[in-house]
Amino acid sequence: MATGATMESYDAVIVGAGFSGLYMLHRLRAQGLTARVYEAGTGVGGTWYWNRYPGARVDIESQEYSYSFSPELDAEWQWSERYATQPELLRYLNHVADRFDLRRDIQLETRVETARFDEASNRWTVTTDRGETITGRYCVMATGCLSVTNEPQFPGVDSFKGPSWHTGRWPRDGVDFTGQRVGVIGTGSSAIQSIPLIADQAAQVTVFQRTPNFSVPAHNGPVDPAVAKDWAENRAQRRAEAREAGFGIRMVDGQEAFAKEATPEERRAAYEARWAIGGFALLGAYGDLITDLEANATAVEFVADKIRSIVKDPATAEKLVPKTFPIGSKRLCVDTGYYDSFNRDNVSLVDLREEPIEAIVPTGIQTAHETYEVDAIVYAIGYDAMTGALGKIDIRGRGGATLKDRWAGGPGTYLGLMVAGFPNLFIVTGPGSPSVLCNMAVAIEQHVEWISDCIGYLSGRQLGAIEATQAAQDEWVAHVNEVADTTVYPLANSWYIGANIPGKPRVFMPYIGGFPVYRDKCNAVAANGYEGFTVSSDAR
Ligand code: NA7
């Protein structure tokens with residue numbers, strides 16, 4: 001592995017070797033371009049490399065949460081479960097890296113520290129924590145939406161005498177909780193997936209909940225042979241259906257029917273049917289659930305009743321019922337036995353609204369009411385989402401302007417793909433694109449293909465740089481907000497609006513106009529000679 005002061009140049013530097021970076025490398029190489037990928041982990045896989053906590057699995061059906069670009073890859077890979085586990089997803093991404101011979105252009109255990117645009121050469125100079133300096137005509141940030149952990153800031157956090165882990169930085173060899181008293185802080189998707197499994201092992205689990213979340217059953221299990229057969233026979237069609245669905249997920253494809261127009265009996269039947277299917281299906285029950293608060297409230301009531309019927313202790317059940325935000329406005333959690341965990345003798349719930357955490361002390365977690373003694377702490381407290389990873393790199397564009405300063409009031413992009421003042425810098429699933437509100441596999445493929453086509457367009461015409469215009473960017477940002485405001489999404493204090501990170505500007509980051517609408521817009525922009533961008537040759 002190359003270390004020390006080198007100065008290599010490539011067509012593209014790609015940051016990150018997860019779902020995005022792997023496909024980006026594959027596409028650019030297929031175009032005859034040279035690329036270098038830097039990856040901080042000791043292996044490829046991104047999200048699925050880092051998130052090894054018990055129960056970590058995808059919340060979209062495995063068949064759909066995978067690359068579609070290679071029919072051969074699709075045909076040879078068999079998913080074992082309806083919702084693949086983290087180890088299986090990591091095996092898949094490693095298989096992709098091997099199958100397409102990607103590893104020779106990926107440098108692991110290397111973190112990119114700076115990226116600077118040189119206006120004279122129209123190239124990016126990138127430096128790493130290993131002391132390397134390389135240049136690339138293009139720089140692609142494939143850094144992930146949920147890759148920078150929200151670190152615990154509680155007073156005394158370092159004083160705890162036992163082990164503690166963030167779910168997003170789980171040890172490779174796993175953790176044995178046998179006989180231990182475990183405190184889990186947070187009740188997002190990571191906590192909801194891991195609590196039932198930790199409870200299977202530990203002597204006692206105390207769950208510290210600041211805000212209850214909506215969770216629906218996964219009904220996970222081995223892939224139904226009929227589903228596998230259907231996919232094998234109709235794969236192209238199924239993939240096309242996912243790409244035409246608003247969220248890039250077939251089961252949440254928009255319904256014509258509206259909850260507000262249905263009778264209570266019809267609604268109950270529709271919700272029951274979708275609860276029985278499991279996963280995000282519930283949100284697809286009616287077309288007005290994410291746009292109309294009254295309609296949304298009918299689904300809230302349905303799930304609240306489910307929680308009350310599953311959790312035997314009424315006081316605990318009531319604490320678990322979300323009351324402060326519409327269903328779906330924070331990412332719906334998909335669980336296996338979460339609510340039922342609270343019927344176990346060894347699981348208890350602490351409501352942080354009643355007794356906030358005051359400090360972490362050597363023996364445990366101290367709230368306003370008491371000190372809960374634990375042997376281990378699991379911080380399931382989420383991520384600095386969507387902009388966190390970009391904020392960790394010192395990115396400087398035209399005139400030496402930093403991305404950090406440009407985004408001080410919230411991230412501005414054109415189509416989530418590029419930022420005015422930062423020529424030739426591409427972001428995969430950046431803020432302002434459907435990203436986390438879409439099946440990430442679908443969103444990533446579309447972005448990678450758009451970016452590689454754009455790079456092909458530029459190199460085919462000997463053009464040196466592409467840059468979003470400020471006017472196009474401003475218009476897009478306004479549109480992203482305008483669309484968000486037609487939905488219930490902005491009503492939640494979610495990581496979609498940066499509410500989980502103290503001091504982060506509150507801006508609704510993903511684009512909720514629907515994947516097909518967004519894709520068509522991106523395609524039209526490209527077809528019109530990259531409308532909203534300026535393209536220029538080197539000789540200026
Ligand atoms: P999330 O969804 O951001 O959940 C984090 C949880 O941690 C959530 O319940 C937070 O409560 C809680 N939290 C965060 N900070 C604190 C502090 N300081 N004190 C107490 N509780 C806190 O992250 P996940 O990892 O579960 O899931 C991320 C995504 O991964 C998920 O949406 C899927 O897409 C997969 P809050 O709600 O902010 O009150």
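The model is predicted, so local features need pLDDT of at least 70 and side-chain atom pairs count only at pLDDT 80 or more, while totals for chains, interfaces and linings use all residues. Residues are numbered from 1 along each chain as its sequence is written, and side-chain values use heavy atoms, with hydrogens and water left out.

The ligand has 20 residues around it, and Ser-189, Ser-190, Arg-210, Thr-211 and Arg-331 come nearest.

Some distances to the ligand can be given. A polar backbone atom of Thr-187 is 2.9 Å from an oxygen atom of the ligand, and for a polar backbone atom of Ser-189 the distance to a ligand oxygen is 2.9 Å. In the side chain of Arg-331, an N or O atom is 3.0 Å from an oxygen atom of the ligand. The protein buries 85% of the 780 Å² that the ligand exposes when taken alone (areas by the Shrake-Rupley method with a 1.4 Å probe).

What about empty space? Rolling a probe the size of a water molecule over the atoms shows where it is left. The second largest pocket holds about 520 Å³ of space. On a 1 Å grid over the protein atoms alone, a pocket is an open set of points with protein on both sides within 12 Å along at least five of seven lines, a cavity is a set where a 1.4 Å probe fits but cannot get out, and lining residues have an atom within 4 Å of a point. Of the 30 residues lining this second largest pocket, Gly-246, Phe-247, Ile-290, Tyr-489 and Ile-512 lie nearest its centre. Its lining has 18 nonpolar, 11 polar and one charged residues.

The whole structure has four cavities of 30 Å³ or more. The largest cavity holds about 70 Å³, and its lining includes Pro-411, Trp-476 and Phe-508.

Finally, the cysteines: the structure has zero disulfides, a disulfide being a pair of cysteine sulfur atoms within 2.5 Å. Cys-145 is buried, at 5% relative accessibility (buried means under 20% relative accessible area, with a 1.4 Å probe and protein chains only).

Technical notes
Buried means under 20% relative accessible area, exposed over 50%, partly exposed in between (1.4 Å probe, protein chains only). A residue is near a molecule or strand if one of its heavy atoms lies within 4 Å of it. A polar contact is a pair of N or O atoms within 3.5 Å; within protein, one must be able to donate a hydrogen and the other to accept it, and residues adjacent in sequence count only if both atoms are side-chain atoms. Grid points are joined across faces, edges and corners, and a volume is the space filled by probe spheres set on the points. Ala, Val, Leu, Ile, Met, Phe, Trp, Tyr, Cys and Pro count as nonpolar, Asp, Glu, Lys and Arg as charged, and the others, Gly among them, as polar.
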